[in-house]
Structure formats: structure tokens, C-alpha cells
Amino acid sequence: MKTYFQFHSKLEPFRAFSKEHLMTMAIIFILGILLFVMRKKLMEDGTRRFFRIFLAFLLLIFDVWQHLWLLTEDEWSAKRDLQLHLSDLVVILAIVMLMTKSYKLFQFMYFAGIGSSIQAILTPNLGRYSFPHFQYIEFFVSHGGAVIACLFMVAAFNYRPTLRDLWVTVLIVNLYAACVFFLNKLLGSNYLYIMEKPKTASLLDYLGPWPWYLLSMEIVMIVSFYILYIPFWKKRGDSSSVLSGELP
């Protein structure tokens, strides 16, 4: 059992799109589909409240456990372990969104939360933390949970993103990246991979050298947000129904 909690793991390196990786992604995908298959049941007050609180505490427990594990292993580092990567930050925001039922937070999370988490799930930076290492399980529970949290708000609360939300999210992400750039300078870190590409294989490998891949990232982000918006696209001239923060 200790093998699965060692920081300096002796397991085989993580391989993208291995059998374990594909099965993990399939589980997350199936859970997302089930939210809409069981939508009527989820919209019942008791079921909705239970799932919302359960998912929030599941994300919180794994998030706290992750930092306690690093501290126990004497490996926690401000250069690496602050939750400044967007896909890590949205895990915290998902917990807040679930606990507060905030529609305003959902407007940001639908695009930034799902977009960043899917990218992390497809190209995880896990090194030697292959299944069933704790770090592997924590990574996919947290990032998969953030996706499920956003889809849950759509299925159970009937929340809907708008085109305006998409562009506001783009603006917020860019402002956040500018702040993180200066933090990276201060800490000597590489959060958001602004300073250089990650060592492991990722989408950035196909987006050109630094700093040009930052512009490519911007384009990929906007395109991915538009893809996420497709299920809610309204014909021009249709009246869009923007939900308030009140529960249905």
C-alpha cells in the first residue's frame, strides 16, 4: 500500500491514452451522461441537495488530502503546489459553486471549468504517478469532479451559459493569466505554463515555440469555449433566456 502513496513513485510512468487512462475518461464521460439520463430524479429537492453536498465534500476532501499528503512527504512547494493552474483553481471554485448554488460563478465555470479540466484530463502531467497511485486517483477525481459539477448545475438547476458569459470568461482568464505571470516571476514558478512548456507531452507541443504558443493557446481557448457553447446556441433573433441566480 505504501507504494501507492510514495512521492518518488516507483511505478511505471503514466502513459497517455493507455487502457487505464481510457477507462478513467470513459467513467467520467458516462457519469456526465447519467446526469442528464437521471435529470428528473436529480431535480427533486432531496436528491439535488444530497448530490450537491456530496460532490462538494468529495472535492474538498481530495483537495485537502492532496496538500496534507505533500506536507507529510515533506515535498510541498510554493513553486509547484499552489492552486494557480486554472484547472486546479476551478476545483476550489466548483466547491464554492456547489455550496452556494451561484449562477454567477457558473457563468464562468461552465467555460473555464469544463474547458481547462477536459484539457487536463486529456493530457495530464502525472509523470510516474500511474494507476493506482494516490496522485492519479486524486487528479482524476478532482478534475473529473469539476466537469461533473458544472454539468450537474445544467442538469439539476437548469442553468444556462450565454455568449456574453463566454467573452467575459475569456477576459477574466486573460486578466488572471497576467496576474499569474508576475507571480511566476516572483516565485520562479511556471503556473499556467506561461514561462515555458511542461516537460511532459501536451497540446502545447503543437502550438509553436515560446512565446508564440501563448497566442495559439488563446485561439484554442476561444475555439474550445465556442464548442462548449454549441448545445446552447440560439438562432439569431431568438430571445435568449438568461437565468437569474434564483433556483427554478
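First, the ground rules. The model is predicted, so local features need pLDDT of at least 70 and side-chain atom pairs count only at pLDDT 80 or more, while totals for chains, interfaces and linings use all residues. Residues are numbered from 1 along each chain as its sequence is written, and side-chain values use heavy atoms, with hydrogens and water left out.

Now the helix pair. Helices here are DSSP runs (H or I, at least four residues), numbered from the N terminus. H5 spans residues 103-122, and H7 spans 163-187. Their axes lie 9 Å apart, at about 75°. Axes are lines fitted to C-alpha atoms over the stretch in contact, with angles from 0 to 180 degrees between N-to-C directions. So H5 and H7 are roughly perpendicular (65 to 115 degrees).

Who touches whom? From H5, we have Tyr103, Gln107, Phe108, Phe111 and Ala112. They meet Asp165, Leu166, Thr169, Ile172 and Val173 of H7. Contact means heavy atoms within 4.5 Å.

Next, the prolines. Phe131 to Pro132 is a cis peptide bond, omega near 10°. Pro132 sits in the loop between H5 and H6. Trp210 to Pro211 is cis too, with omega about 0°. Pro211 is in the loop between H7 and H8.

Last, positive phi. Asp74 is not a glycine, yet its phi is about 55°. Asp74 lies in the loop between H3 and H4. Leu192, in the loop between H7 and H8, has phi near 65°.

Which is buried, which exposed? Asp74 is exposed, at 68% relative accessibility. Leu192 is buried, at 14%. Buried means under 20% relative accessible area, exposed over 50% (1.4 Å probe, protein chains only).

Definitions and conventions:
Helix = DSSP H or I, 4+ residues; strand = E, 2+ residues; numbered from the N terminus. Parallel < 35°, antiparallel > 145°, perpendicular 65-115°, else oblique.
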